[in-house]
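Let's walk through this structure together, one stop at a time. Please keep the view open as you read.

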Amino acid sequence: MKFVVAFLFCFGFTLIAAYFGLPLLRRWHLGQDVREEGPKAHYKKRGTPTMGGFFFILPILGLALLRLLRLAAFDHFLLLTLLSLFFGLVGFADDAVKVRVRKEGLSVKEKILALGFISLLFSLFYVYGNSQGPILLLPFSEQSVSFSSWGKVIYVLLIVLYLFYVSNSVNLTDGEDGLATTVTTVTALMLATAVVLLKRKNLPIDTESLIEYCLALAGGCAGFFIVNRHPAKVFMGDTGSLFLGASVAAIPLLAGVPWLIFLTGIVYMVEGLSVLLQVSYFKLSHGKRIFRMSPLHHNFELGGWKEEKIVLVFAVAELTGGLLALLLI
């Protein structure tokens with residue numbers, strides 16, 4: 001029952017935050033700029049309010065504070081909230097610079113340093129601050145990997161790279177109205193189901209707080225979809241997409257199955273990979289391209305797909321990947 005309450009709480013309060021927050025974003029002229037090299041159909045979106053990610057961040061943060069007051073203990077729900085909040089604050093800084101200073105936002109170096117530092121602190125806490133040590137399960141098995149002293153160092157570095165890639169892939173996915181919110185709703189529900197299956201294995205994992213966070217995340221995204229679906233009244237901005245990215249990356253990590261994201265987050269993985277391939281091939285071939293435009297959703301959009309079709313197809317792909325992932329547990 002409490003899991004349903006978490007979903008409904010974040011769903012409802014996201015809508016309330018949007019109701020009161022959207023007029024404020026408009027009054028403060030916090031409008032999204034549009035890349036000149038992007039699809040021409042997106043030019044009409046110029047000026048649409050951004051930083052709407054706070055609409056679903058605030059309810060999740062509120063739920064985390066309520067849990068802290070009720071339980072008087074630090075659990076994975078709070079850890080996930082803190083990590084995602086710090087990622088979201090980096091996104092907020094990027095959005096603020098885009099709106100008030102320069103449309104490019106923070107430099108690549110600034111974002112790498114900020115996100116890398118946060119990821120490193122989280123990784124060190126998870127690997128060394130946990131009395132039981134990090135958990136890493138093998139697919140199709142209840143066997144877990146044991147880490148030596150050097151193994152922990154290597155795992156810390158891998159976690160930093162993992163968080164950086166996944167969070168930025170989610171950020172890249174946020175390029176069509178309702179796309180990131182729809183895909184992340186599906187992802188969060190699939191991750192919740194995966195954690196339920198892991199719960200039966202009696203592993204030393206805080207499954208209750210992980211499931212509750214998944215449902216809270218799904219509720220917040222579902223609520224935000226109401227104002228973010230095509231034609232979007234508001235964008236989540238990097239504020240929201242980096243928050244979501246940290247969340248969907250850290251949930252399977254804390255559950256001991258980080259490899260699961262390659263299926264439960266298959267859309268993110270492909271979106272991120274499409275950018276890497278496009279940029280690499282462009283440089284190696286001196287100007288040639290693999291896709292019409294990257295990330296991949298823009299390739300389909302320039303091929304004639306409407307935004308609603310892209311959202312639907314990508315959501316089905318995410319659901320399919322999630323169902324396949326459950327077979328590995």
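Glycine 240 sits in helix 8 (residues 237–254); helices here are DSSP runs of H or I with at least four residues, numbered from the N terminus. With a relative accessibility of 0%, glycine 240 is buried, a word that stands for under 20% relative accessible area, computed with a 1.4 Å probe on protein chains only. Leaving aside residues up to four places away in sequence, glycine 240 touches Gly53 and Phe56, where contact means heavy atoms within 4.5 Å.

A word on the model itself: it is predicted, local features need pLDDT of at least 70, side-chain atom pairs count only at pLDDT 80 or more, and totals for chains, interfaces and linings use all residues. Residues are numbered from 1 along each chain as its sequence is written, and side-chain values use heavy atoms, with hydrogens and water left out.

Next, turn to helix 10 (residues 266–284), where you will find glutamine 278. Glutamine 278 is buried too, at 7% relative accessible area. Its side chain reaches the backbone oxygen of phenylalanine 291 at 3.0 Å. Beyond residues up to four places away in sequence, glutamine 278 touches Arg289, Ile290, Phe291, Arg292, Met293 and Ser294.

Our last stop is helix 6 (residues 179–199), whose 21 residues reach 30 Å from first C-alpha to last. That is close to the expected 30 Å, taken as 1.5 Å times one less than the number of residues. Helix 6 is mostly covered, with 16 of its 21 residues buried.

Note on methods. Helices (H or I, at least four residues) and strands (E, at least two) are DSSP runs, numbered from the N terminus. Buried means under 20% relative accessible area, exposed over 50%, partly exposed in between (1.4 Å probe, protein chains only). A polar contact is a pair of N or O atoms within 3.5 Å; within protein, one must be able to donate a hydrogen and the other to accept it, and residues adjacent in sequence count only if both atoms are side-chain atoms.
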